[in-house]
Amino acid sequence: MYEAVIFDLDGVLCSTDEFHYLAWKKLADRLHIPFDRADNRRQRGVSRMESLEILLEKSDVSYSEEQKRELAAEKNAEYVRLLQNLTEADLSDEVRQTLNALRAMGLKLAVGSSSRNTRTILEKIGLGGFFDAVADGNDIRHSKPDPEVFLVAAQRLGLAPSVCLVVEDAQAGIDAANAGGFDSCAIGAAAGYAAAKFSLAAFAELRELVEQAGSGRNGKAAG
Ligand code: G6P
Ligand code: MG
């Protein structure tokens, strides 16, 4: 029986993962570095600087640490510019209703995201102050697949990892959840990832999964 659900943000609660892709793509194009959606999938869940390293794998140029910081800042400026268009309408009815249903079932709800922009995004989509705990890229030293961000979220909830379900769209996030002793649930880009305990085709299925776990039944198996 779960006492809490910890959600990744980008690609789980809202579609900001697409803004990450567009902002990295713009930088890659300017630097004449090949970059596609498969490269972008590997950036999900990992920190800004680690994401840059993934992009630079295909570069012939080697950049100094200072230049890398500038490139990451350039990407973030474009990403933040794209975030300005976010409104409460970018929180889907499906996600809003499912979050409310889970809360009505007595579950605590938290966010565990590698993004340093987490608070801004939550405010923009109307979820500022909604969650019982938020842990983000500003709170951690090691990003996913390290479990740190989820462990901080669980600690802030006052709960053990074993009673928390983590919902993720990144393989690195599923690995992080598993490494921290959490049950993991894959959705979106991570759906079907074999390491995930559960795999969902739609966010709304979360409600049934949690209900089944509470009633002692097995829930929906991965794959
Ligand atoms: C999330 C995204 C990653 C992103 C990271 C850092 O985990 O899935 O793609 O690199 O956050 O985001 P930030 O907003 O701090 O650059
Ligand atoms: Mg994500």
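User: First one: is Glu 70 buried, partly exposed or exposed?
Analyst: Glu 70 is partly exposed, with a relative accessible area of 48%. Buried means under 20% relative accessible area, exposed over 50%, and partly exposed in between (1.4 Å probe, protein chains only). This is a predicted model, where local features need pLDDT of at least 70 and side-chain atom pairs count only at pLDDT 80 or more, while totals for chains, interfaces and linings use all residues. Residues are numbered from 1 along each chain as its sequence is written, chains are lettered from A and ligands numbered from 1 in the order in which they are written, and side-chain values use heavy atoms, with hydrogens and water left out.

User: Where does Glu 70 sit?
Analyst: Glu 70 is in helix H4, residues 65-83. Helices (H or I, at least four residues) and strands (E, at least two) are DSSP runs, numbered from the N terminus.

User: And how many Å apart are Glu 70 and Glu 3 in space?
Analyst: They are 42 Å apart, C-alpha to C-alpha. In sequence, 67 residues separate Glu 70 and Glu 3.

User: Switching to the metal. What coordinates the magnesium ion (ligand 2)?
Analyst: Asp 8 (OD), Asp 10 (O) and Asp 169 (OD) do, at 2.0 to 2.2 Å. Donors are N, O and S atoms within 2.8 Å of the metal (3.2 Å for Na, K and Ca). Water is not among the atoms, so sites may look incomplete.

User: How are the donor residues spaced in sequence?
Analyst: The pattern for the magnesium ion (ligand 2) is D-x1-D-x158-D.

User: Are Asp 8 and Asp 10 buried or exposed?
Analyst: Asp 8 is buried at 4% relative accessible area. Asp 10 is buried too, at 11%.

User: What about Asp 169? Where is it found?
Analyst: Asp 169 lies in the loop between strand S4 (164-168) and helix H8 (171-179). Asp 169 is buried, with a relative accessible area of 2%.

User: Which side chain makes a polar contact with the side chain of Asp 169?
Analyst: That of Arg 44, at 2.5 Å. A polar contact is a pair of N or O atoms within 3.5 Å; within protein, one must be able to donate a hydrogen and the other to accept it, and residues adjacent in sequence count only if both atoms are side-chain atoms.

User: What else does Asp 169 touch?
Analyst: Leaving out residues up to four places away in sequence, its contacts include Asp 8, Asp 10, Asp 17 and Ile 187. Contact means heavy atoms within 4.5 Å.

User: Now the sheet. What is the strand order?
Analyst: The open sheet has 6 strands in the order S3-S2-S1-S4-S5-S6, with parallel pairing. Two strands pair if DSSP finds at least two bridges between them. Strand S3 (133-135) and strand S6 (198-199) are at the edges with a single partner strand each, so one side of each has no neighbour in the sheet.

User: How many bridges join strand S1 to S4?
Analyst: There are 4 bridges between S1 (residues 4-7) and S4, and the two run parallel. Val 5 has Leu 165 in S4 as its bridge partner. S4 and S5 also pair in the parallel sense, over 4 bridges. There, Val 166 stands opposite Ser 184 in S5, and Glu 168 stands opposite Ala 186 in S5.

User: How many residues of S4 are buried?
Analyst: 5 of the 5, so S4 is largely enclosed by the rest of the structure. Cys 164, Val 166 and Glu 168 are buried on one side, and Leu 165 and Val 167 on the other.

User: Which elements cover the buried residues of H8?
Analyst: The cover includes helix H7 (148-157), S4 and strand S5 (183-186). The buried residues in H8 include Ala 172 and Ile 174. After H8 comes Gly 181, with a positive phi near 85 degrees.

User: Last topic: how many disulfides does the count come to?
Analyst: The count is 0 disulfides. A disulfide is a pair of cysteine sulfur atoms within 2.5 Å.
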